[in-house]
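I opened my notebook for a quick tour of this chain. Here is what I looked up, in the order I went through it.

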Amino acid sequence: MLDVLIRKANVNGALVDIAIKDGVVVDIDNQIYGDATVVFDAKKRVTIPGFVDCHTHLDKCLLNEQQPYQEGTGPQKGALTYEMKKNFTVDDITVRAEKMIKRAIKAGTLHWRTNVDVDGSVGLKGVEALLKLKKKYENEIHLQVAAFAQEGVFWDGQTEVLLEEALKMGADLVGGHTIAKGEGEKHIDFILDLAQKYSVEADFHLDESGNREHYLLPYLSKKIVEKNLQGKVNGIHLCTLSALSPEELDEAINYIEVAQLRVTVAPTAISTRNIAPVKRLLKTGLPVGLASDNMRDFFNPLGSGDVKQVALLLSYLQRFFLQEEVDQVFKMITNEGAKVLSIKDYGIKIGGKADITVLEALTFNEVIAYQSQPALLVRAGVVFE
Ligand SMILES: [Zn+2]
């Protein structure tokens, strides 16, 4: 007796039945005979493992529930957040992050990487809260927790040590911010050394301002190659790419290619600066993912934790309208995003973990256009109500 039998699922264009037993996909075939506790007719709807959202800040989400959004410059918003961070507690972070995690699960997200601030103001409270939530929801969503030096590394005499503590506690990777406190090259060196020391990947908020004077991609690329960390670093934003001449952009693409830099684009950044040219990045063939980034805080009062929204936003901003372009955007929030996050077992296959999402849509276009929600969520073999 099977646990779940999904009939007529559209997996990458092929119509198949999927059989699940004890949390594992035990068969995929044109037609599977047998009894199951739950039989679900997918009716040719799009079926994926789940969405991949490559970057967010769960420790700082929903701050607008405590203090309303207000307009201001980037540094002013950073200062407001910093003041609130001083009063964060593990419980407060847990309550806010958990609300967004539940929303993301319902929206069909299966993999989510969150950066979590680590510094003298908040200590390791964010890491503690998010590691507990990662464990609590491990069967519903796979969280990756990055210990993140949002404010810089060398400014408070504490962050250097705390980042290392966070990795010892079990943070999955380390995160840097190339323009924080003007630390630039020194900051990049420190974060990469830490990644190397603990054999983890590194995330960088890279060239986020979009200004030429903050263009650190060439240095980061050089250092990744020097330290033999190709394919182990993810750059978030790369807004400065949008300010380069065509010749300079070709050079930049070369920097990305030699370092095998993964790239994550957060389209909501458009509210304050231009975003990286995604079609040009996709031509490299290197993985490019999409991200919700900030959610209902001073930087973005409208983030929802549903990565389909930013897929739609990108589609409009850079005209991903042709069929193959819509397919590309869909892949950025599924297969390609999984590559950005180094998820090795992403996909629906026999012997694989039974994480399956049937969407209320017959095509990828419908998913993006209608923002289709899941009709069926199976996580670790269990039908999610
Ligand atoms: Zn971010």
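Before quoting a distance between domains, I note that the domain bounds come from an automatic or database domain assignment. The model itself is predicted, so I read every value below as computed from it.

**Entry 1: the two domains**

The assignment gives domain 1 as 2-49 + 347-383, and domain 2 as 51-340. I then looked up how far apart they sit: the C-alpha centres of domain 1 and domain 2 are 30 Å apart.

**Entry 2: where they meet**

Next I turned to the interface. On the domain 1 side I found 18 residues in contact with 24 residues of domain 2. Together the two domains bury about 1,600 Å² between them, and carbon and sulfur atoms account for 64% of that area.

How many salt bridges are there between domain 1 and domain 2? I got a count of zero. Polar contacts do turn up, though: eight residue pairs across the interface of domain 1 and domain 2 qualify, with both partners at pLDDT 80 or more.

I also asked which elements build the domain 1 side. β14 (356-359), α12 (364-370) and β15 (374-379) each contribute at least two residues to the side that touches domain 2. Of these, α12 gives the most, with four residues. Sorting that side of domain 1 by class, I noted ten nonpolar, five polar and three charged residues.

I moved on to the strands. β1 (residues 2-11) and β2 (residues 14-21) run antiparallel and are joined by six bridges. Val11 stands opposite Ala14 of β2. Two residues lie between the strands of this hairpin, and Asn12 has a positive phi near 50° there.

β2 also pairs with β3 (residues 24-29), again in the antiparallel sense, over five bridges. Here I found Asp17 with Asp29 in β3 as its bridge partner. The hairpin of β2 and β3 has two residues between the strands as well, and in it Asp22 takes a positive phi near 50°.

**Entry 3: a stop at Glu201**

Last, I picked out Glu201, which lies in strand β10 (residues 201-206). Its C-alpha atom is 9.1 Å from that of Ala146, a residue 55 places away along the chain.

What does Glu201 touch, once neighbours within four places in sequence are left aside? My list reads Arg113, Leu173, Val174, Ala195, Gly231, Lys232 and Ser342.

Terms used: Residues numbered from 1 in each chain as written. Predicted model: local features only at pLDDT ≥ 70, side-chain atom pairs only at ≥ 80, totals over all residues. Heavy atoms only, no water. Contact = heavy atoms within 4.5 Å. Buried area = accessible area lost by both parts, 1.4 Å probe. Salt bridge = Lys/Arg side-chain N within 4 Å of Asp/Glu carboxyl O. Polar contact = N/O pair within 3.5 Å; in protein donor to acceptor, adjacent residues only side chain to side chain. Nonpolar A, V, L, I, M, F, W, Y, C, P; charged D, E, K, R; others polar. Pairing = 2+ DSSP bridges.
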